[in-house]
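Visitor: Can you walk me through this one? Keep it quick.
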Number of protein chains: 2
Amino acid sequence: MARWQPGTRERLQSTALRLFAEQGFDETTVAQIAAAADVTERTFFRHFADKPEVLFAGQTDFTAMFTTPVEQAPDGTPAFDLVRRALDSAADFFPEHRRSWSRSRQAVIDAVPALEERELGKLANLKVRLGDTLRAHGIDEPLATIAAETAVTVFHLAFTQWIAEPEERDFRTLVEERLAALTALVHPGH
Amino acid sequence: MARWQPGTRERLQSTALRLFAEQGFDETTVAQIAAAADVTERTFFRHFADKPEVLFAGQTDFTAMFTTPVEQAPDGTPAFDLVRRALDSAADFFPEHRRSWSRSRQAVIDAVPALEERELGKLANLKVRLGDTLRAHGIDEPLATIAAETAVTVFHLAFTQWIAEPEERDFRTLVEERLAALTALVHPGH
């Protein structure tokens, strides 16, 4: 078995996802994943702290994808522009070649309540962190919380549509469509 | 023990809430609640299907409070006006005299993960039902889903603030403040 090679992490992820889909998340062991990916369990644990981490690795990156462009915006940038920056950055994170992985991942999560809870917790945490970042950037309450909730809601709805079959439009288009709906909702005459 | 008397349901609720706060939700039995409220367990179960129902009774009423005013709106009412109708109706449901009950109830829920999940599930269900009602009233996608999410988010944020100490403003004022923030977010110049 190769001790290290480029792409081991990605191979472990795709192998794990295939096994989760075939035989269930709870029924799949780390030993099976490692064997099917032709690495040792030790190698698995160099990449992932535990089995769920295969699905949830990158939480810090995920949050930073929203918060970093807000932190880097010029002082005085209006809240809606900060939301747009965060969503633009998020869209970069979901290129076409990730769609099929995201679809398969969601199917695994939807089948296991504990994973669903963790996914919802991830979004709740993101709202809190983004709200903190907006306040640190000079956005007052209650606008900061409304902006954070709105950003994460638009993201989540765009993501849900992006992975729905047979959707083919790209992530950014779906974000724009939802932002336009929000604008139409609040100011139907404009 | 009185077999029936006016206010039994409310007395069971306030007694249960006091016991949950004093000794914990999991540690409190239906027998204790009934005894402390001076009724039989049989009487408790005439009012509530189980112990959590003391906290979650009225789910149907809760959902209808949002959906009924939408169903009854004239055809062609813009989506934002439908959202306002739903939120106005919700505000009627939280008069001043309910604030202290709502604060105590939330403290119990926050302490028990299973209750927190159920509360979140209640809001998730409300989003789905309100979205269905908006679509049935002629609002297209993705506007209907955005409107439902927005309504429930504004409701939830207003509610969270309403029960925060030492908030004293009424529910409707807090809803209006958050709707104004949303309007300011989407159209900062207006």
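Guide: Here is a short tour, starting with ground rules.

Guide: This is a predicted model, where local features need pLDDT of at least 70, side-chain atom pairs count only at pLDDT 80 or more, and totals for chains, interfaces and linings use all residues. Residues are numbered from 1 along each chain as its sequence is written, chains are lettered from A and ligands numbered from 1 in the order in which they are written, and side-chain values use heavy atoms, with hydrogens and water left out.

Visitor: What rotation puts chain B on chain A?
Guide: A 180° rotation, with 0.0 Å of shift along its axis. The RMSD is 0.0 Å, by least squares on the C-alpha atoms of residues with pLDDT of at least 70 in both copies. That is how a two-fold axis relates copies.

Visitor: How many residues does each chain bring to the contact?
Guide: Chain B gives 24 residues and chain A gives 24. Contact means heavy atoms within 4.5 Å. Of chain B's interface residues, 96% are also interface residues in chain A, so the copies meet through the same surface.

Visitor: And what area is buried there?
Guide: About 2200 Å² between chain B and chain A, with 83% from carbon and sulfur atoms. That is accessible area (1.4 Å probe) lost on putting the two parts together, summed over both. In chain B, the residues losing the most are B:Ile146, B:Leu185 and B:Val186, together 28% of what that side buries.

Visitor: New topic. Which domains does chain A have?
Guide: Domain 1 is 8-49 and domain 2 is 58-186. Those bounds come from an automatic or database domain assignment. Their C-alpha centres lie 28 Å apart. Seven residues from domain 1 of chain A and six from domain 2 of chain A make the contact.

Visitor: How much area is buried between those domains?
Guide: About 510 Å², 88% of it from carbon and sulfur atoms. On the domain 1 side, A:Gln13, A:Leu17 and A:Phe25 lose the most, together 77% of what that side buries. Salt bridges across this interface: zero.

Visitor: Last one. Which residues touch the most other members of the largest nonpolar core?
Guide: A:Phe66, A:Phe155, B:Phe66 and B:Phe155, in a core of 80 residues. Such a core is a set of buried Ala, Val, Leu, Ile, Met, Phe, Trp, Tyr and Cys residues joined through side-chain atoms within 4.5 Å; buried means under 20% relative accessible area, exposed over 50%, partly exposed in between (1.4 Å probe, protein chains only).

Visitor: What is B:Phe66 in contact with?
Guide: Leaving aside neighbours within four places in sequence, B:Phe66 contacts B:Ala86, B:Leu87, B:Ala90, B:Leu126, B:Leu130 and B:Phe155.

Note on methods
A salt bridge is a side-chain nitrogen of Lys or Arg within 4 Å of a carboxyl oxygen of Asp or Glu.
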